[in-house]
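Here are a few exercises to work through with the model open. Try each one before reading its solution.

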Amino acid sequence: MYLSRDEEPDAGRLQALLKRAELDRSAVAESVRSILGRVKEEGDCALFALEAQFDHANLSTLKVSSEELDEAEKLVDNDLKKALLQASRNIRAFHEIQVPKGEILEVEPGVRLSRRIVPIHTVGLYIPGGTAPLFSTVLMLAIPAHVAGCPKIVLCTPPGPDGKVNPAILYAAKVGGVTDIFKVGGAQAIAAMAYGTESVPKVDKIFGPGNRFVMEAKLQASESCAIDMPAGPSEVMVIADTKSDPAFVASDLLSQAEHGPDSQAMLVLVSQGNEATEYLDQVEAAIAKELATLKRGKFLLSSLSHSHAIVMHDKEGAARIANAYAPEHLIINCQEYGKVLPLIESAGSIFLGPWSCESAGDYASGTNHTLPTSGWAHSYSGVSVDSFIKKLTVQELSKEGLKGLSKTIETMADGESLDAHKAAVTIRMGN
């Protein structure tokens, strides 16, 4: 049995089932702190040394050259190029409709208020290499940054031992409009973007996923540089009923579980009694069948070992479970899924119906796949154009406008014993 089973668990048991694996930050915190300090002090010199140490790459330069970009484009398979272009069109289209327009309002005669939309000037994108080079994440971060109008987009990604970056990552960067690409991985990449070095520009905000060293580096660097969001292992929750295709459900659970050994795949089944048992047996059989064909079995088995199936008797109960868990990805694959959607208030991204597989959102439908994990969907949204802009409030008062507010301002300033605040009005009114 790959998934533990619980039916209508009580509050205590439910809390245990929905608990994520607790990562011991102290295990990596000191190492990361040392790396960040070294890069801050030594700049490029530290980056060259750390790349040799961790990525086994002996580099002579950190920035990817135009020649390397041209070479990478030739190396990418034509089918993959077509796929990236189609995905980029959808991602761009969906993010272009998100661009906000500043509001203008005259709240009283002579008191004119507005908001000015301004892109963040310099953003840094971190793209992992390793076991799964995430070229899709390049599109998910670079395109909204480009749509938002960020003047400078910096990308860091680890090179291989040969000193080269995965060609698909470089091609995706070109498609996404990135030109400043650096061969730096891990915590040292986050440090380089947070503090700046001779080669890598200091950025205003850092985006992107990574291992626990990267995540710890982002948290530590957030003292001097904004980050997109806290992040943890990837996760999915599927709400299904006994009419859902067991193979579809199994495939969605496995597609997320393969990200890493600490990923989590949760199934909430709306059913009762023997039907639930029989259906879960079918899901287990489908998982076993698919596992036999997949390459990342080690990760999958580890993820499934702390994943669960929870049986609830109605859709309202299933929605309560989803809101309590606040999953990164929520797939609602049950009858009348449209009635479940209004009940959901906490999820990174939602997938409706049997044909909306999580992989569609990860790659090509157009929504963003950089999403809050570890329950952060209770308070964070996924990456969007909003993540790359600032909204500056502006006010313009005429003399008459200030006169109309003067008594209110002076009275409130008196109440807070802030005489200088009151004086700023009194002096203007000539009192």
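**Exercise 1: a residue on a strand**

Leu113 sits in strand β3, residues 111-119 (a strand is a DSSP E run of at least two residues, a helix an H or I run of at least four, both numbered from the N terminus). The model is predicted, so local features need pLDDT of at least 70 and side-chain atom pairs pLDDT 80 or more, while totals for chains, interfaces and linings use all residues. Numbering runs from 1 along each chain as its sequence is written, and side-chain values use heavy atoms, without hydrogens and water.

Task: work out how Leu113 is classed by accessible area.

Solution: take its relative accessible area, 30%. Then apply the cut-offs: buried is under 20%, exposed over 50%, partly exposed in between (1.4 Å probe, protein chains only). Leu113 is therefore partly exposed.

**Exercise 2: a helix**

Task: decide how enclosed helix α6 is.

Solution: start with its extent, residues 135-148. Its 14 residues reach 20 Å from first C-alpha to last, close to the 20 Å expected at 1.5 Å a residue (1.5 Å times one less than the number of residues). Next, count burial: 12 of the 14 are buried, so α6 is largely enclosed by the rest of the structure. Among the buried ones are Leu139, Met140 and Ile143. Just after α6, Gly149 has a positive phi of about 95°.
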